[in-house]
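Here is a friendly briefing to keep beside you as you look through the model. Take a look at the sequence and structure, then read on.

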Amino acid sequence: MNKAPRQTLTAPIRRIRFVNVALIFIFWTAAITVRLVWLQVVRHSDFVERAARQQQRTFEVAPRRGVLYDRNLKELAMTVLVDSIYAVPSELGENRGSTADILAKIVHTDPLDNFTTKKQMLARFTASRNFAWVARRVDNETAKRVRELNLKGVYFQKEFKRFYPNNDLAAQVLGYVGVDDTGLSGLEREFDDEMHGVPGHMMTAVDAKRHVLGSKESQPLPGENLVLSIDANIQYMAERALDAQMEKMKAAHGTVVVQDPHTGQILALAISPRFNPNDRHHIDSSVLQNLAVSDVYEPGSTFKLVTYAAALDAAGVQPTDIVDCQFGAMTMFGRTLHDDHSDRFGKVTVQYALEHSSDVGAAKMALKLGNQKFYDYMRAFGFGERSGIELPSETRGLLRNPRKWDATSILSLAIGQEVGVTPVQLVTMVSTIANGGVYMPPHILLQSTDEVRGDPRLKPIAFRPSNQLPNPLPDGAHRVIKELTSAKMRMMMQGIVTTGTGKKAQLNGYSSAGKTGTAQKIDPATHTYSHTKLVASFAGFAPVSNPAISIAVVIDTPTVGTRYGGETSAPVFQEVAQEVLEYLGVPHDQPLRTKKQMIEATKEVAKESPIENGANLNEMFADINNLPADDPLRATQNSTAPATPDVDDKTASTSRKGSEAAEGKSLLGASPRMLAALRSDSAEDASAPNISAAPHVAAAVQVRPDGGVVVDATHRVAVPSFQGSSLRSVVEKADSLGLRVQPVGSGLAKDQAPAPGTMVPVGTEVVVKFAR
């Protein structure tokens, strides 16, 4: 049987199969090409970053922060290398919770530090796969304990930590830094950009098991170093004295500023209370403020230095001129200005008025100047504008333009009210008087440098007192008062320490000069001056003839003792000035005395009076009573005259008028406040003699509007002896005879003019010298 022949494939069938295979190949090739384009072009950067994260680690390398040196190149703030702990959460795996618990028990030592709690640590482990901080800048003991655990995925990294070797020394000046090495206060904040430096970077390559294969690092640029004008030893002396007085007086705040009067450089700036910048977690925000440049207060009587200096410089006033202090009360435009109850004077010298801090005397000095001229001098002394000191948050203070003054503002400004100043402004004003009358802007920064201690190019700038001003003068320096005015003010300020209100500022072996001040604070509740909250201050310099240092002491709200500047702040000046001058090796300009001699000298000073002899008393008597040159009452009468003469019949027969009803006049012209002060002196009341039986006479006296006194010369009485009597007894005895009293000094009566027994007209004012 014959088989049919086998059919062969035709050409069209072969072509179809080839086309199908080709299409499949082309589609497969296109798909691969698209995928490759997607991966290598579109997603290229994503995969490069993912590869870098898997294969490399990049760390920012913090720069070394600049060092803060004192003028002798002692480190006040420096940077040290310490261990920081971090973890790689992807390596911790399921052990994140237990690892966080173990680590927290070791590193969480401060309850106020929430960063190292287990909860916060675990949150960081969950938020990141490759890096999470455990604790930063730990101490050596903590780092050692964590290393001993040898935990998987936990590593160490060196970081810089800010360290203050003297703890709280000059804390408000230096400030402190945060966890990221950023300055948060003080000089650390003011010069943060300069001191921070430029960070570097470190890149490390790792294998699949996270082993480091190599690293590449770009070095950071360290920050600049600052050399300050502060002397760490002087700073310590100032802080120690201030802290002791703050504890004794139970005060709210205190500030001491020590300055070189010839350059304006700040040698010490002490503030109490302070804080420890090494322990930033426990810093009380209330003590961060630098009160020396940002705290404004009414200076009170220390501001009288400006008033008197301006009056001497521009109004022709001399220290020996006579000023009528009007027994401590002066009325102008319906306002009465009062002196302290213990300082009620009549006509005294300008120097005496300053030494005993008479408000009335200061007001009359200001009135001699006028509003605009007085304002110009205040601005020239640096008040009402920023000094430019290299510290943050400096205020300009408070000083209104004369156009905004009230009718009696000049009286307030003369005694340090209606003006706000800072302690730095105050000490700079005193330095201006001390250096010959040139305002030198205060500075606390000497230089900024890249060199560190040990580099021969960086040398210490030890303070050496000089009596020469820089030549040429720096920017901002200008003359305020003449050199002669400066010399007169230094002499008057020395009198404040030797015989006036600043006796507790006396030094052993050195002369000193200064001014006390006690200012009332504004009560926030009543918006009026508080009678219990005061600011006690003292500003001065030493030695007097060649000042080496100026010091301002301001103590806010003392609550123990008298709380006046002479009792509260002057002793701090004395302690600081004595130690600093000895430390600087300043030659003594006075004989050294033992402690017993110092006590005796203080007692002797208390007995002294600006009126040294009878001739001066007679001159004051003649000046007060306007006696002609040939008047016999100018000469001292025979001192052997009867001490308690009888009053003549005509005078004795005259009944005394009710002086209490007179227009604000009682006790022969004494102000009502003086009378109240006398009546309140219970201690002297007990010892006062009984004079109720003494005859009373009406003083035939009239007070002219210009302050002059007109007496009836036909009525004459004999001047009694006031020897050994108290002020109250003297006034009452004189009152009983129709005489007026001009007291000089304080204590018991020691001398008088005219002499006892002198026959004088009724209404005559007798000058009585008192001493202790």
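**Loops, cavities and overall make-up**

E418 is partly exposed, with 26% relative accessible area; that label covers values between buried (under 20%) and exposed (over 50%), using a 1.4 Å probe and protein chains only. This is a predicted model, in which local features need pLDDT of at least 70 and side-chain atom pairs count only at pLDDT 80 or more, while totals for chains, interfaces and linings use all residues. Residues are numbered from 1 along each chain as its sequence is written, and side-chain values use heavy atoms, leaving out hydrogens and water.

- E418 is not a glycine, yet its phi is positive, about 60°.
- This residue, E418, sits in the loop between α16 (409-414) and α17 (423-434); helices (H or I, at least four residues) and strands (E, at least two) are DSSP runs numbered from the N terminus.
- K250 is another non-glycine residue with positive phi, near 50°, and its loop runs between α10 (232-249) and β9 (253-259).
- K250 counts as partly exposed, at 44% relative accessibility.

**Cis peptide bonds**
- The bond from S272 to P273 is cis, with omega near 0°, and P273 belongs to the loop between β10 (266-272) and α11 (291-294).
- N471 and P472 are also joined by a cis peptide bond, with omega about 5°; P472 is found in the loop between β16 (445-449) and β17 (478-479).

**Cavities**
- Three cavities of 30 Å³ or more are present; a cavity is a set of points on a 1 Å grid over the protein atoms alone where a 1.4 Å probe fits but cannot get out.
- The second largest cavity holds about 40 Å³, a volume being the space filled by probe spheres set on the points, which are joined across faces, edges and corners.
- Its lining residues (those with an atom within 4 Å of a point) include S272 and P273, along with Q172 and H253.
- That lining divides into four nonpolar, five polar and no charged residues; Ala, Val, Leu, Ile, Met, Phe, Trp, Tyr, Cys and Pro count as nonpolar, Asp, Glu, Lys and Arg as charged, and the others, Gly among them, as polar.

**The whole chain**
- The protein chain has 26 helices and 26 strands.
- Of its 772 residues, 49% count as buried.
- Among contacts (heavy atoms within 4.5 Å) between residues at least 6 apart in sequence, 74% join residues at least 24 apart.

Note on methods
On a 1 Å grid over the protein atoms alone, a cavity is a set of points where a 1.4 Å probe fits but cannot get out, and a pocket is an open set with protein on both sides within 12 Å along at least five of seven lines; lining residues have an atom within 4 Å of a point.
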